[in-house]
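Q: I would like to go through this model feature by feature, with the general idea before each case. Please show me the structure.

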Amino acid sequence: EERKFALKLLKNVRYFDLHATRQWCAALHGRLSRELGEAFNRAVFITFGGPAKSGAAIARYYYAASGVDAQRFRSDRELGSISSNGAFVLLDDFIGSGSQITRYWERLSAAGKSAEWVCAALLGYKEGVERIKAGTGIRVVVNELLTERDKVFSTESSVFDRAELPAARLTFESYGNRLFQGHPLGYEDGQALVAFHDSVPNNTLPVIWSERMGWKPIFRRHGG
């Protein structure tokens, strides 16, 4: 039965290879430029969390897909020395709970918060996007908004039949508790099945990406 559950899980993983990631970055570029209008030409793109994190990787792909001047891509560590009369754009691949962005906002100085901010991501859960909008002054732009239907063990999901859903959930919770303590079904109960060619959001089930305790993942998560 566990093998059957595992095969169903793998069948439903949304995997973005390099080509697809670049295509989605190009689409995000179009959305952002429409959202910001003329101000887009003065926007500065901010990555946070260090060079190994997902935001830095997406910034590289976005840069390649958009043709935006490389000088407009900066690290959040440089924020104090950057001025912009356009907007600051936070780039990331995936918005899960929205907690990472809200924590980032809380750490910003009053001067930093006085600027216009936009968070741009390839995909994002509706609840995470709404959390960011409600708790910060940041606008959010995503290519695709995910809903409860996209959570593996939701009754609205089509990954598992209704009859097998309880047993499937218990199975992956059992493995997940060993692989990502406190978050057996992904960070803050993300229940996502999303993977990119060079990393995996921690909102995705840890059985997909964890290497803890000798586990051999289908996809590796880089950058912590």
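Q: In which strand does Val140 lie?
A: This is a predicted model, and in it Val140 belongs to strand β6, which covers residues 138–146.

Q: Is Val140 buried or exposed?
A: Burial is read from the relative accessible area, and buried means under 20%. Val140 has 15%, so it is buried.

Q: Which residues does Val140 touch, not counting those up to four places away in sequence?
A: The contacts of Val140 on that basis are Ile95, Cys119, Val129, Ile132 and Lys133. There is also a C-alpha separation to read: Val140 and Leu32 are 108 residues apart along the chain, and their C-alpha atoms are 9.6 Å apart.

Q: Cys119 is one of the residues that Val140 touches. How many disulfides does a search of the whole structure find?
A: A disulfide is a pair of cysteine sulfur atoms within 2.5 Å. The search of the whole structure gives 0. Cys25 is in no disulfide, and the nearest cysteine sulfur to it, that of Cys119, is 13 Å away.

Q: How should I read a pair of packed helices?
A: Two packed helices are described by the angle between their axes and by the distance between those axes. Here helix α4 (residues 99–107) packs with helix α6 (residues 126–135) at an angle of about 15 degrees, and the axes are 9 Å apart. Angles under 35 degrees count as roughly parallel, so α4 is roughly parallel to α6. The crossing of α4 past α6 is right-handed.

Q: Which residues of α4 and α6 meet?
A: From α4 they are Ser99, Ile101, Thr102 and Trp105; from α6 they are Arg131, Ile132 and Gly135. By type, the residues of this contact comprise 3 nonpolar, 3 polar and 1 charged. Ile132 is also among the contacts of Val140.

Q: What is phi of Glu188, and where is the residue?
A: The point to look for is a positive phi in a residue other than glycine. Phi of Glu188 is near 50 degrees, and Glu188 sits in the loop between α7 (165–179) and β7 (194–196). Glu188 is partly exposed, with a relative accessible area of 34%.

Conventions
Residues numbered from 1 in each chain as written. Predicted model: local features only at pLDDT ≥ 70, side-chain atom pairs only at ≥ 80, totals over all residues. Heavy atoms only, no water. Axes fitted to C-alpha atoms, helices over the stretch in contact; angles between N-to-C directions. Helix = DSSP H or I, 4+ residues; strand = E, 2+ residues; numbered from the N terminus. Parallel < 35°, antiparallel > 145°, perpendicular 65-115°, else oblique. Left-handed = near helix turned anticlockwise from the far one by under 90°. Contact = heavy atoms within 4.5 Å. Nonpolar A, V, L, I, M, F, W, Y, C, P; charged D, E, K, R; others polar. Buried < 20%, exposed > 50% of the residue type's maximum accessible area, 1.4 Å probe, protein only.
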